[in-house]
Amino acid sequence: MSAHAVEIAPLRKTPLNDLHLRLGARMVPFAGYSMPVQYPAGLLKEHLHTRAAAGLFDVSHMGQIALRADDVAEAARALEALVPADILGLKPGRQRYGLLTDAAGGILDDLMVAHLGDRLVLVVNAANKAADLAHLRANLPDSIAVEELPRALLALQGPGAEAALARLAPEVAAMRFMDARTAAILAAECLVTRSGYTGEDGFEISLPEDAAEPIAAALLADPAVLPVGLGARDSLRLEAGLCLHGADIDTTTSPVEAGLGWAISPARRRGGARPGGFPGAERILAEMEAGTERRRVGLLADGRAPVRAGAALFAEGGETAVGHVTSGGFGPSLGTPVAMGYLPAALAEPGTRVLAEVRGQRLALTVAPLPFVPAGFKRG
């Protein structure tokens, strides 16, 4: 091996790797893992089946982190120094979306925070989990134990998800959107949240690694449940207008630019019970009041050609790029290409016409409200 050779780490495998292979999945590298991008049914069918019935996703590559302290309120208060959400006000058995911000008001990661009574459980993005763990350990007081949880994670999504999971754990039927609870599934202690990344009703199930395959197999035995890969996961979240960290949001985007101002809890805003006190608060809270120069928008293509991430955006008649696409592809539920990107506030209103540069050609797009597909969450 030469002095300049780079040693490539072998891909990690989730506890469901053997099941993916038996199901005929096409495996691809993703965030250091070997992950299924699609199964023999194909991306289009997997996507539409999730919208109509239920899809089962292996998301065990995501990071799961427990925060423990003598008093869970101490952990909540400490986490609020890193996240502009109301964690102290999060009730036991509930979950909240949050953002890890940096001193410049950018987004280090987006995450879920669940209150389990005696601890907080965080779910963070796979590509960021090592950095997030280091960030939490470096910035939370020593009295807060930060523990990475070696557990698998399944997502069961779609209008048929409740019936499919309730066959194994009847108590989940009473849960509503963003509820979190423990439940025994096939005798394994699981943490179940009513949430997901598709815009549909559904559940995320954290479970012991050795229980992952039996529980996945039991769910897939239901004719309403189809295994779904990363390809359809991406098209589903894009139609739902949900951000992907590293694409639509990162350290160069603020929560307000990204249309995530709703994730800044009222208690943490100016005039709230605990205003500021998180990284980048000065910029973020100023933008909450004054607005931003650019905004994340939805984009619908006039033609059939997809507009991909990285494409430059132009005003009609303009020669200088004024924005760019951050996510794009075909929207199977709509039968047309969809995209998200950033545009100046003056061009960000729905109905505005803009152009994207694709392979040297200018393609017409219309700014559209997000989400492209209405959410199906069970709130009541």
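Select Arg294 and Tyr342: the charged end of Arg294 sits over the Tyr342 ring, 4.5 Å from its centre. Keep in mind that this is a predicted model.

Next, pick Arg362 and Phe314. Arg362 lies over the face of Phe314, and the distance to the ring centre is 3.7 Å.

Now turn to ring against ring. How many aromatic pairs does the structure hold? There are two. Show Phe177 and Phe377. Their ring centres are 4.1 Å apart and their planes meet at 5°, so this pair is stacked. Trace the chain from each ring. Phe177 is in the loop between helix 5 (161-166) and strand 11 (180-185). Phe377 belongs to the segment after strand 20 (361-368). The pair links distant parts of the chain, 200 residues apart.

Is Phe177 buried or exposed? Phe177 counts as buried, at 18% relative accessibility. Phe377 is partly exposed, with a relative accessible area of 24%.

Follow the chain into strand 11 and colour its sheet. The sheet is open, with six strands in the order 11-12-13-10-4-14 and mixed pairing. Strand 11 and strand 14 (225-227) are the edges; each has a single partner strand, so one side of each lacks a neighbour in the sheet. From one strand to the next, the twist averages 30°.

Zoom in on strand 12 (residues 188-193) and strand 13 (residues 202-208). They pair in the antiparallel sense over three bridges. Select Thr193: its bridge partner in strand 13 is Glu204.

Last stop: helix 6 (residues 212-220). Helix 6 lies across strands including strand 4 (54-58) and strand 10 (151-157), and runs at about 10° to strand 10.

Technical notes
Residues are numbered from 1 along each chain as its sequence is written. This is a predicted model: local features need pLDDT of at least 70, side-chain atom pairs count only at pLDDT 80 or more; totals for chains, interfaces and linings use all residues. Side-chain values use heavy atoms; hydrogens and water are left out. Rings of Phe, Tyr and Trp (its six-membered ring) pair if their centres lie within 6.5 Å; planes under 30 degrees apart count as stacked, over 60 as edge-to-face and the rest as tilted. Helices (H or I, at least four residues) and strands (E, at least two) are DSSP runs, numbered from the N terminus. Buried means under 20% relative accessible area, exposed over 50%, partly exposed in between (1.4 Å probe, protein chains only). A charge sits over a ring if NZ of Lys or CZ of Arg is within 6 Å of the ring centre and within 35 degrees of the ring normal. Two strands pair if DSSP finds at least two bridges between them. Axes are lines fitted to C-alpha atoms, for helices over the stretch in contact, and angles run from 0 to 180 degrees between N-to-C directions. Contact means heavy atoms within 4.5 Å.
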